[in-house]
Amino acid sequence: MVWAETPKGRAAVSAVAGQIRFSLFGKERAARRRLWRGLASAARDARIVAALQAEVAAYLGRLGQLVYADGLPRIGVNLHRLVVVPRVLLNSAAYRSIHENLMAHPVVASLEGGDALRDFWFLRLIREIHTAIVRAEPSPKHPLPAGDEWISVGLNTDFVWRVPFNAPAWAGHHYVLELTRDPITRAVRKAVAERVSGFETSLASLSKVERGEILRRAASVPD
């Protein structure tokens, strides 16, 4: 468990180890195994499985809400809006939803290891969702649904929107295209690809202050 090597993880392991009177192979090792078994048991609970599946299904759909946030870079492409949505906004919204919905279940709320282990679990889920999206390689030709009226047509995984400090970096952003009654033709897809390329160049010129201001203005969008 990489989590157990973090400061919060070590503290949780030490707390559990202090409750163990004797272990042939060491209290700390026994504590790690106990915490992992508890997490694995919670993750197999049918109610938790259903809640996790719902969060996975809802993840990209939040892009269709976040596109309306104030101050996000956007441009019109043949009567379709193209919006840049930083992953930090998407993942922050996802984390809040996962935390709220899973903490409503006693098996998660009472999980041994407390907030440290739950935080590891929730962040790992978000990372796994992102990994699956990276493998899917959204593009104008092969978009991913992002709500009823939007699609993800591109993904940047490296652009630094903020200095993470003690929070996840969550670098990069989605390029989200509006669906209208006008069809997404080959010409539209070509134009979108050109606009995405243009954004990649123009965004790189933003200062840290400008990037922070974009996030600050956009952060008021409702989940």
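Axes are lines fitted to C-alpha atoms, for helices over the stretch in contact, and the angle between two of them is taken between N-to-C directions, from 0 to 180 degrees. The legends below concern a predicted model.

**Figure 1. Helix 3 and helix 7 pack at an angle of about 45°.** The axes of helix 3 and helix 7 lie 11 Å apart. Angles under 35 degrees count as roughly parallel and those from 65 to 115 as roughly perpendicular; helix 3 and helix 7 are therefore oblique to each other. Their crossing is right-handed. Helix 3 contributes Ile48, Leu52, Val56 and Tyr59 to the contact, and helix 7 contributes Trp121, Leu125, Ile129 and Ile133. By class, the contact of helix 3 with helix 7 comprises eight nonpolar residues, no polar residues and no charged residues.

**Figure 2. Helix 3 and helix 5 pack at an angle of about 160°.** Helix 3 spans residues 46-59, and its axis is 11 Å from that of helix 5. Angles over 145 degrees count as roughly antiparallel, and helix 3 and helix 5 are therefore roughly antiparallel to each other. Helix 3 passes helix 5 in a right-handed crossing. On the side of helix 3, the contact is formed by Ile48, Ala51, Leu52, Glu55 and Tyr59. On the side of helix 5, it is formed by Leu90, Asn91, Ala94, Ser97, Ile98, Asn101 and Leu102. Eight nonpolar, three polar and one charged residue make up the contact of helix 3 with helix 5.

**Figure 3. Helix 5 and helix 7 pack at an angle of about 130°.** Helix 5 covers residues 87-103 and helix 7 covers residues 114-136, with their axes 10 Å apart. Helix 5 and helix 7 are therefore oblique to each other. The crossing of helix 5 past helix 7 is right-handed. Within helix 5, the residues that meet helix 7 are Arg87, Asn91, Ala94, Tyr95, Ile98, His99, Leu102 and Met103. Their partners in helix 7 are Arg118, Asp119, Trp121, Phe122, Leu123, Leu125, Ile126 and His130. The contact of helix 5 with helix 7 has 10 nonpolar, three polar and three charged residues.

**Figure 4. Pro143 is found in the loop between helix 7 and strand 3.** Strand 3 consists of residues 144-145. A residue counts as buried under 20% relative accessible area and as exposed over 50%; Pro143, at 32% relative accessibility, therefore counts as partly exposed. Leaving aside neighbours within four places in sequence, Pro143 is in contact with Ile151, Ser152 and Val153. Pro143 and Tyr175 are 32 residues apart along the chain, and their C-alpha atoms are separated by 10.0 Å.

**Figure 5. The segment of residues 21-25 has a pLDDT under 50.** For residues 21-25, the model has three contacts beyond four places in sequence. The protein averages a pLDDT of 87, and 84% of the residues score at least 70.

**Figure 6. The protein contains nine helices and five strands.** Along the sequence, these elements follow the pattern α-α-α-α-β-β-α-α-α-β-β-β-α-α. The protein has 223 residues, of which 42% are buried. Among contacts between residues at least 6 apart in sequence, 65% join residues at least 24 apart.

Terms used
Residues numbered from 1 in each chain as written. Predicted model: local features only at pLDDT ≥ 70, side-chain atom pairs only at ≥ 80, totals over all residues. Heavy atoms only, no water. Helix = DSSP H or I, 4+ residues; strand = E, 2+ residues; numbered from the N terminus. Left-handed = near helix turned anticlockwise from the far one by under 90°. Contact = heavy atoms within 4.5 Å. Nonpolar A, V, L, I, M, F, W, Y, C, P; charged D, E, K, R; others polar. Buried < 20%, exposed > 50% of the residue type's maximum accessible area, 1.4 Å probe, protein only. pLDDT = per-residue confidence, 0-100.
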